[in-house]
Amino acid sequence: MAESRSLEVFKGIREAQQKLDYFLLGLASALFAYVGGQYKPMPISFSQNTIELISLALFFISIIAGFKRLDLNISIMKINFQMLDMGEKKGVLNQAQSMPGQVLNTDTGEALGRNEAAYTLQLIEDNASKVKTNLDKLSNYSSATFVVRNWALILGFLALGFSKVLGVYVVSTIV
């Protein structure tokens, strides 16, 4: 019972994370489209136009990091599946290794002998550390894209707001 509750909590957290990722990607894309649709190229100087260009670049960085994060999270889910699958196979293989004769693998329908089970177990053990290392590496990259996406979006939004305030200030000093 406790396993099913923790699995449900994990599913809820995962779903909330995915919704947030999609929302922030959509927000960055909408802001990029908004600023890009109104942007008129002018020479670079300390002006509203240049700050809008900076916000446009930051929104673009946020979009790229958001897409990369989604891609990395899909890869992480695939590796998690591999790790769970290896763990399940290890259970069947350990049972086959401890029993005399052959054991029927109910998942695949194949009969496993001791030597076969030992060989397959060794392959799983050899690859488990590689899979874990790969998972750790992808998790670190995913965390980095999370930070880049969020900071680029925040700074882009602040730059856009500052450009609007600067535009109003410049207009009010001219009048």
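Modeller: Buried means under 20% relative accessible area, exposed means over 50%, and partly exposed is in between, using a 1.4 Å probe and protein chains only. Keep in mind that this is a predicted model: local features need pLDDT of at least 70, side-chain atom pairs count only at pLDDT 80 or more, and totals for chains, interfaces and linings use all residues. Residues are numbered from 1 along each chain as its sequence is written, and side-chain values use heavy atoms, with hydrogens and water left out.

Biologist: OK, so is Asn49 buried or exposed?

Modeller: Asn49 counts as buried because its relative accessibility is 9%. Asn49 sits in helix α2; helices are DSSP runs of H or I with at least four residues, numbered from the N terminus.

Biologist: What is Asn49 in contact with?

Modeller: Tyr39, Lys40, Pro41 and Met42, if you leave aside neighbours within four places in sequence. Contact here means heavy atoms within 4.5 Å.

Biologist: Switching topic: how many salt bridges are there?

Modeller: Seven, where a salt bridge is a side-chain nitrogen of Lys or Arg within 4 Å of a carboxyl oxygen of Asp or Glu. One of them pairs Asp21 with Arg149, with the closest N and O atoms 2.7 Å apart. That pair links distant parts of the chain, since Asp21 is in helix α1 and Arg149 in helix α3, 128 residues apart.

Biologist: Are Asp21 and Arg149 buried or exposed?

Modeller: Both are buried. Asp21 and Arg149 also belong to a network of salt bridges with Arg69.

Biologist: And what about Asp136 and Lys132?

Modeller: Their side chains meet in a salt bridge at 3.0 Å, N to O. They are four residues apart in helix α3, so about one helical turn separates them. Asp136 is partly exposed at 34%, and Lys132 is partly exposed at 39%.

Biologist: Which helix gives the most to the lining?

Modeller: α2, with seven residues. The whole lining has 14 residues, and Phe10, Arg14, Ile76, Met77 and Asn80 lie nearest the pocket's centre.

Conventions
On a 1 Å grid over the protein atoms alone, a cavity is a set of points where a 1.4 Å probe fits but cannot get out, and a pocket is an open set with protein on both sides within 12 Å along at least five of seven lines; lining residues have an atom within 4 Å of a point. Helices (H or I, at least four residues) and strands (E, at least two) are DSSP runs, numbered from the N terminus.
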